[in-house]
Amino acid sequence: MEETVDLRNQPELKIVFKTNEFEVIDLSDPKNNGSYSFSSLNKVALNAEKANWWFSAFTVVVEFFVGSGSAKIYKNKAYLNLNMDKRDLKIWLIDADFEKAKRATDLLSKKRVFA
């Protein structure tokens, strides 16, 4: 049985789950595209977007001395990290549905265990 998790429409990002493998379709980063076996998948990690406080604090100090007053909070973008036998994929989740990314992560983790 095949299942597809659409993470983003523009540019298209989806993961298609098949019986023994999964396919990544990532039009924003074509090097991630391909079909991969569940048995080669070692680790799945979902990293949420979070503030980079050290860099943000540094820019506040610099902005104070420069005087431009445009300091802001910088964030590390969310991504899905897939560690496999011969390759690691880092799939950026910019403008993607994070709840669907959680679901894809759960499916990948479950399939990895049973492969």
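Reply: Start with valine 62. This is a predicted model, and in it valine 62 has a relative accessibility of 31%. Buried means under 20% and exposed means over 50%, so valine 62 counts as partly exposed. A patch residue needs over 30% relative accessible area. Valine 62, at 31%, is therefore over that cut-off.

Now the patch itself. Phe58, Val62 and Val66 make it. It is nonpolar, and its area is about 280 Å². Valine 62 sits in helix 1, which spans residues 53–66.

Next, confidence. The protein chain has an average pLDDT of 86. Of the residues, 84% score at least 70. Among the elements of the chain, strand 6, residues 50–51, has the lowest mean pLDDT, at 64. The highest mean, 97, belongs to strand 2, residues 13–17.

Two backbone features lie in loops. Glutamine 10 and proline 11 are joined by a cis peptide bond. Its omega is about -15 degrees. Proline 11 belongs to the loop between strand 1 (3–8) and strand 2.

Aspartate 95 is the other stop. Its phi is positive, near 60 degrees, and this residue is not glycine. The loop that holds aspartate 95 runs between strand 9 (88–92) and helix 2 (98–114). Its relative accessible area is 69%. The cut-off for exposed is over 50%, so aspartate 95 is exposed, whereas valine 62 is partly exposed.

Conventions: Residues are numbered from 1 along each chain as its sequence is written. This is a predicted model: local features need pLDDT of at least 70, side-chain atom pairs count only at pLDDT 80 or more; totals for chains, interfaces and linings use all residues. Side-chain values use heavy atoms; hydrogens and water are left out. Patches are made of residues with over 30% relative accessible area and no salt bridge: like charges are joined within 9 Å, nonpolar side chains (Val, Leu, Ile, Met, Phe, Trp, Tyr) within 5 Å. Accessible areas come from the Shrake-Rupley method with a 1.4 Å probe; for residues, only the protein chains shown count as cover. A salt bridge is a side-chain nitrogen of Lys or Arg within 4 Å of a carboxyl oxygen of Asp or Glu. Helices (H or I, at least four residues) and strands (E, at least two) are DSSP runs, numbered from the N terminus. Buried means under 20% relative accessible area, exposed over 50%, partly exposed in between (1.4 Å probe, protein chains only). pLDDT is the predictor's confidence in each residue, from 0 to 100.
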